[in-house]
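Here are some notes to read alongside the structure. Take them in order, with the model open next to you.

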Amino acid sequence: MDELKVLLQENLNIEFCQAVLSNPRKKETAEKVKVRPLLKRDRLVFQIETFRNHQAFHRNAEPSEACALIMEAMENMRQMQMETVKYLYTVLVSKKGRVTIKKKASGCERKEIDYGHNRKKHYILEEGVPVPFLRDLGVMTEEGKVVRSRFDKFRQINRFLEFIEDILPELDRDREWTILDFGCGKSYLTFAMYYYLHEKKGYDIRIIGLDLKKDVIRRCSELAEKYGYEKLTFLEGDIAGYTGTEQVDMVVTLHACDTATDYALAKAVGWKAKVILSVPCCQHELNGQMENEVLNPIFKYGLIKERMAALVTDALRAEYLEREGYDVQVLEFIDMEHTPKNILIRGIRNGKKGENREAIRRCEEFLQVSPALGRLLG
């Protein structure tokens with residue numbers, strides 16, 4: 001770890017932009033750590049934001065203390081991305097504690113660093129900066145101003161890109177990555193992924209958008225060709241029957257209706273996809289199955305049962321993915337005031353089968369349910 005300590009000592013200064021520590025060995029210690037610079041009374045400090053049990057804890061520290069705190073946090077983390085004005089560093093820590101540091105030129109500029117404590121919300125795709133696909137999809141004007149009636153969509157796109165940003169350490173820069181977007185629809189987020197990962201971050205990616213609507217696929221294909229996005233392809237097809245590729249590294253499924261989400265997740269597990277990002281929609285299946293004598297007084301209220309069924313569906317999906325070898329988080333995608341479909345299931349493959357098979361069986365038996373994903377995965 002001495003090499004990492006030297007790296008921090010040399011870079012925790014005015015040219016530091018940000019750092020993200022991720023991929024924990026023990027989630028109860030910390031799920032993720034973010035570091036950013038602050039100026040307090042003209043004195044440079046570093047805010048260390050630790051995420052644990054769905055809460056964020058903040059601590060401000062001067063450079064030497066910040067270095068010690070980051071080193072302590074890295075004892076539990078396998079990865080760190082640190083960006084300075086000049087360089088972007090990727091730090092990997094093996095099971096035996098061996099540290100590997102990769103360095104490349106950074107896109108961070110001094111004028112972009114915000115040292116304020118109460119910062120204005122920073123969006124990955126910034127207001128006032130024209131983005132071609134956002135303009136053509138009606139989210140931005142020609143000048144890059146966000147259309148007032150589409151601001152919720154603008155926020156949703158940026159929130160999704162924050163989840164993409166979190167999984168960057170999982171992406172291998174030495175090879176092409178294949179990303180499959182099931183039920184891509186008008187493809188706001190598909191275009192956003194390609195623009196962010198390929199155009200802004202320089203990753204070698206191939207994205208396939210799949211949907212059943214011919215006119216939507218035709219329009220998206222025209223836009224991809226217009227922008228010169230050579231590795232962004234749109235195809236007409238059904239999630240359950242898709243067999244167009246043998247290997248997929250990342251599966252995205254956003255608002256695929258009812259059990260279409262389950263078919264997409266099952267496909268992802270079958271491919272052993274490294275990353276899964278799923279925002280489910282319209283979970284009707286378990287609403288017609290759930291039966292329990294103890295809970296019948298609650299289930300007689302249709303609206304309550306419907307909402308409980310949706311939550312149980314997503315919780316069981318998360319459990320199935322954990323059983324199949326994924327680190328899983330269930331996260332808030334966007335504020336409830338903007339959309340009730342606000343749960344995102346994020347899975348990162350670890351290859352270790354979960355030990356929750358019996359717990360899942362008891363839960364299914366208690367509610368007398370047989371969810372589609374459980375059946376598809378056997």
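1. Let's begin with a question: in what order do the strands of the open sheet with antiparallel pairing run? The order is β4-β3-β2-β1-β5-β6-β7, seven strands in total. Keep in mind as you look that this is a predicted model.

2. On average, neighbouring strands here are turned by 15 degrees against each other, ignoring direction.

3. Zoom in on one pairing inside it. β1 and strand β2 (residues 32-40) run antiparallel to each other and are joined over three bridges.

4. Helix α1 (residues 2-11) goes across β1, β5 (77-84), β6 (87-93) and β7. Relative to β5, α1 runs at about 25 degrees.

5. A word on aromatics. The whole structure has 16 aromatic pairs. Take F16 and F46: the ring centres are 5.3 Å apart and the planes stand at 90 degrees, so this pair is edge-to-face.

6. What order do its seven strands follow, and what kind of pairing does it have? Reading across, you get β10-β9-β8-β11-β12-β14-β13, and the pairing is mixed. At the edges stand β10 (232-236) and β13 (326-332), each with a single partner strand, so each has one side left without a neighbour in the sheet. From one strand to the next, the twist averages 15 degrees.

7. At the β13 end, β13 pairs with strand β14 (residues 343-349) in the antiparallel sense, over seven bridges. V330 has I345 in β14 as its bridge partner. Helix α4 packs on this sheet too, touching β11 (250-257), β12 (275-281), β13 and β14. The direction of α4 makes about 150 degrees with that of β11.

8. α5 lies across β8 (177-182), β9 (205-211), β10 and β11, and runs at about 180 degrees to β9.

9. How do α4 and α5 meet? Helix α4 (residues 151-166) and helix α5 (residues 188-200) pack at about 50 degrees, with axes 10 Å apart. The two are therefore oblique to each other, and their crossing is right-handed. On the α4 side the contact uses K153, Q156, I157, F160, L161, I164 and E165, while α5 brings Y188, L189, A192, M193, Y196 and L197. Sorted by class, that contact has 10 nonpolar, one polar and two charged residues.

10. Helix α9 (residues 302-323) packs with helix α10 (residues 357-367) at an angle of about 155 degrees, and the axes are 10 Å apart. That makes the two roughly antiparallel, with a left-handed crossing. V312, L316, E319, Y320 and R323 of α9 meet R357, I360, C363, E364 and L367 of α10. By class, you'll find six nonpolar, no polar and four charged residues in this contact.

Terms used:
Residues numbered from 1 in each chain as written. Predicted model: local features only at pLDDT ≥ 70, side-chain atom pairs only at ≥ 80, totals over all residues. Heavy atoms only, no water. Axes fitted to C-alpha atoms, helices over the stretch in contact; angles between N-to-C directions. Helix = DSSP H or I, 4+ residues; strand = E, 2+ residues; numbered from the N terminus. Parallel < 35°, antiparallel > 145°, perpendicular 65-115°, else oblique. Left-handed = near helix turned anticlockwise from the far one by under 90°. Contact = heavy atoms within 4.5 Å. Nonpolar A, V, L, I, M, F, W, Y, C, P; charged D, E, K, R; others polar. Pairing = 2+ DSSP bridges. Phe/Tyr/Trp six-rings, centres within 6.5 Å; stacked < 30°, edge-to-face > 60°.
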